[in-house]
Amino acid sequence: MRMENHTDLKQVRLEAQRKLKETTCRVLVCGGTGCLAGGSDKIYRRLLELAADQPRVSVEFGPEIAHTSIHKSGCHGFCEMGPLVRIEPYNYLYLKVQLSDCEEIFERTILRGQPVERLMYRQEGKLYPSQEDIPFYARQTRLVLKNCGHIDAEHIEAALAVGAYEGFEKALFEMTPAAVVQTVYDSGLRGRGGAGFLTGKKWKQVASQKETVRYVVCNGDEGDPGAFMDRSVMEGDPHRMIEGMMIAAYAVGAQEGYIYVRAEYPLAVERLKLAISQAEEMGLLGDHILGTDFSFHLHINRGAGAFVCGEGSALTASIEGKRGMPRVKPPRTVEQGLWAKPTVLNNVETFANVPMIVLHGADWYRRIGTPESPGTKAFALTGNVCHTGLIEVPMGITLREIIFDIGGGIPNGKKFKAVQIGGPSGGCLSEKQLDSKMDFDSLARIGAMIGSGGLVVMDEDSCMVEVARFFMSFTQRESCGKCVPCREGTKRMLEILERIVDGRGEPEDLELLRELADMIQSTALCGLGKSAPKPVISTLNAFEDEYIRHIRDKRCPAGVCSKLRVYKIDPALCKGCSRCARGCPAGAIQGVLKSPYSIDLNKCIRCGSCVEQCAFGAISVEK
Amino acid sequence: MLDASYYEKADEIIARYTAEERSLIPIIQDVQETYHYLPPELLGYIAQKIGITETKAFSVASFYENFSFETKGKYVIRVCDGTACHVRKAIPVLECLRKELGLSETKHTTDDLLFTVETVSCLGACGLAPAIMVNEHVHSKMTPEKAKKLLRELRAQAEQEA
C-alpha cells in the first residue's frame with residue numbers, strides 16, 4: 001500500500017504494531033551470514049514446515065500455531081555459537097541448533113513454552129535461559145544493533161512495528177532541515193567509519209553550499225579485515241540505515257542517495273534492495289514523500305574489490321564509473337563530492353545512529369558514552385577470544401572489559417598477548433594498554449584508532465612481527481599506486497619485514513622501518529597510505545623485543561615464523577624408534593636405535609614433518 | 001571472435017542500465033556474473049556502446065580485483081585471509097586446497113575448469129574464522145580435513161549436474 005500522507009503512516013504503523021502484539025510466539029532464526037553458513041536456512045524451513053503441518057491444529061484457528069510467526073532475522077551477533085534461534089516472548093536463545101533439534105524445539109517450546117535446556121548457554125555450570133542474561137549480551141548497550149536479530153529483516157512492516165521511520169517522521173513533519181542539522185551537530189555524533197569527524201559539521205558544510213544539487217552517499221565498503229558491523233546492520237536492520245540517509249537528505253536538501261556496498265556482501269545487497277523496493281512501494285522513498293515537497297531516490301552500487309574505495313574520493317569516483325583512486329583534497333567531498341556536487345558521505349553505522357538522535361534529541365544521546373565521543377560503538381570481536389561476535393558498547397569502555405567480561409577471555413588456557421584494533425589502519429595494543437578507554441581521542445593518544453571497529457584478539461601463540469608483515473602485505477596489495485610514498489614505501493617496508501621473518505634481518509632494519517613509516521605517514525595522499533605504517537609502528541613500540549629476537553637471535557619467540565623455528569628432541573621422551581629420522585626429507589636427524597635421536601640444525605629445513613611423525617610427542621619447537 | 005550470443009547478452013545487460021560511463025561497472029559486473037569472467041572482446045564492445053574509449057574501460061576493469069579476463073572455474077573458492085582467519089590458521093586450509101587441486105600462487109584454475117582458488121582479504125565472517133566462500137556460500141571454521149571433504153562433495157555435485 002502506498003502511503004499518501006502523515007495519517008497513512010500512523011495507521012500503517014499502528015496496524016503493524018497490532019499484528020506484532022497478536023503474535024503469541026515468535027521464532028527468530030538468525031539469517032546472518034554466519035548462521036546461514038551453519039545451515040540456519042534449513043532450520044528456518046524445517047520450523048516453518050513443522051508449524052504448518054500440525055494436523056491437530058488448523059492454521060486459521062489454532063491459538064498457538066496461527067499466532068506463531070517464524071522469521072528470518074539479521075545477525076544476533078553471537079556468531080561463534082551459531083546457528084542461533086531466539087524464541088519470544090520467553091526470550092530463550094538456543095545455540096548451535098542442528099536440523100535434528102527442530103522437532104524438540106517445536107514440541108517443547110513453540111507448543112508448550114518449555115525450554116530446551118541442552119541448547120541453552122552455559123558458563124561455569126550456570127544455565128542462562130534468556131538471551132538478555134547471557135554475559136555476552138548483558139554487558140552490552142545495544143542501540144544501533146537493537147533490532148538486529150530481533151526483527152524480520154525482509155519485511156518493512158516488522159521494522160515499522162518497532163519504530164522504524166519514527167525519526168524521519170519527526171524530522172519531516174515537526175522540524176525544519178536546519179533544526180535537524182543542528183540536532184545532529186549538538187549530539188556530538190562522530191563518524192563511525194574511522195576518522196571520527198563530527199557528522200553534524202559535515203552536514204552543516206553541505207547545507208551551506210551554493211550548489212543546490214546535492215547527494216547523500218553511504219559508505220558500506222567495509223573492507224577492513226576483521227570488521228563486519230556494517231554488514232550486520234545492512235543485513236539485519238536495513239531500514240534503520242536507510243532512514244538515517246533519508247533524514248540526512250532532508251536536512252541538507254539532497255535529492256539522490258547512493259549506497260556503496262562491498263562485492264563480498266551479497267546478502268547485504270539483496271536485503272537492501274528489498275528494503276528499498278518496499279520503502280518505495282509504501283511511498284517512503286520517491287517523489288513527494290508522504291504528500292510533502294520532499295523527494296528522495298536511493299540507489300545501490302556494488303563495489304568491485306578495491307579496498308581503497310572505502311576512502312571518500314575513491315568511493316565517489318567508483319560510483320561515477322571510474323578507477324577508484326583518491327584525489328588531492330581540497331576541494332573536500334562536502335564541497336565537491338559525487339559528480340563534483342556537495343555530498344554527505346557517512347558510513348553505515350553513522351547513518352544508523354541518526355534516527356534515534358532525531359527522535360530522542362541531542363541531550364539524550366550525549367548521556368551515552370563520553371563527552372568527546374558520545375554514543376555507542378559496534379565492534380567485531382574476533383580472533384583468539386572465547387566469544388567472538390558482534391558487540392555494541394558505550395564509548396569509553398575499557399579494552400579489558402570488552403575482551404574479558406564480554407568476550408569471556410582467551411580460550412584454551414592461553415595468555416593474552418595483544419589486540420589489533422582498527423584493521424590495517426589501526427594498531428596493536430599490548431597488555432599494558434588494556435585499561436585504556438575506547439574512544440576516538442584516547443585511542444589516538446596511544447597510537448591506535450577505532451577505525452571501523454575490528455578487534456582481533458591474539459594470544460601468546462601469535463608473532464607480532466608476522467602480524468605486522470601480514471598487515472603490510474595487505475596495504476601493499478591494496479595500494480592503488482597513485483602516490484609514490486604509498487606505492488613504493490609500503491613495498492619497501494614489506495620487503496624489510498619479510499626479510500626479518502625469514503631470518504635475514506639486519507640490526508639497522510628497525511631504524512629503517514621507523515624512517516620509512518615517518519615518511520609515508522607525512523607524505524601519502526590519502527588515509528589508507530597515511531595510516532599504513534601504524535600496525536608496524538605500534539608493534540615496534542610495544543613488542544620491540546620480539547623484533548630484536550628475530551633479528552639478533554634469529555628466533556621467533558612465538559614459534560610462528562617457520563624459517564626461524566628450532567626443533568628439538570626431548571631425550572627424556574624419545575624412545576629411539578628412528579621413525580623421525582626415516583621420515584626426515586633433509587636427512588637431518590641422526591641417532592642410534594633405542595637411544596635418543598638428535599637434530600642437526602644446519603641441515604634442518606624446518607618443515608616440521610618430524611613433529612607429525614613422532615608418536616611420543618618428543619619433538620617440539622623451542623620458544 | 002566470440003559467439004554472437006555473447007554480444008546479444010551484452011546488449012541485454014546494457015539495456016538494464018543507462019548507456020553512459022557511470023553504468024560501466026554494474027554492466028561488467030553482470031557480464032562477469034553471467035560468464036564467470038569478463039571476455040576482453042566484450043569489454044571493447046561495451047565501451048563503444050556506452051560511449052567511452054576501450055582503453056578507459058580496460059583501465060577500470062583492470063583496476064578492480066573482482067574482474068578477471070581469464071575464465072574461472074565452475075566453483076570459485078575464495079579463502080579468507082583476513083586478520084581473524086589468519087590468526088586462526090587459514091593458510092593451512094589454502095595450502096591444502098591448492099595441493100589437492102594441483103594449483104599454486106600463480107595457477108588459480110584447474111584445467112577442467114571446475115575449481116578456481118583465490119584468496120580474499122576479508123569475507124566479513126570473522127566470527128566463523130577461518131572461513132571460505134564457494135561461489136556465494138560461506139563455509140565456516142575450516143580445517144584442511146573439512147576442505148578435502150568439501151572438494152569431494154563439490155566434485156560429486158558437479159558430476160550429478162553434468
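Predicted model: local features only at pLDDT ≥ 70, side-chain atom pairs only at ≥ 80, totals over all residues.
I began with two domains and found that the C-alpha centres of domain 2 and domain 4 of chain A are 34 Å apart.

Domain 2 of chain A gives 8 residues to the contact, and domain 4 of chain A gives 8 residues.

Next I looked up where the domains of chain A run. The assignment lists domain 1 (19-134), domain 2 (164-366), domain 3 (376-459), domain 4 (464-553) and domain 5 (565-621).

I turned to chain A as a whole. I read off 25 helices and 19 strands. Its radius of gyration is 27 Å, close to the 25 Å from the globule rule for 623 residues, so chain A is as compact as a globular protein of that length. The C-alpha trace of chain A spans about 90 × 70 × 40 Å along its principal axes. I also saw that 53% of the 623 residues of chain A count as buried. Among contacts in chain A with a separation of 6 or more, 70% join residues 24 or more positions apart.

Last came the contact between the chains. Chain A brings 42 residues and chain B brings 32 residues. In chain B, α2 (24-35), α4 (54-63), α5 (83-87) and β4 (137-139) each supply at least two residues of the side touching chain A. The largest share, 4 residues, is from α5(B). I sorted that side of chain B into 16 nonpolar, 12 polar and 4 charged residues.

Conventions: Residues numbered from 1 in each chain as written. Chains lettered and ligands numbered in written order. Contact = placed C-beta atoms within 7 Å. Nonpolar A, V, L, I, M, F, W, Y, C, P; charged D, E, K, R; others polar. Rg over C-alpha atoms; globule rule 2.2 N^0.38 Å. Buried ≥ 20, exposed ≤ 12 C-beta atoms within 10 Å, placed from the backbone. Domains from an automatic or database assignment.
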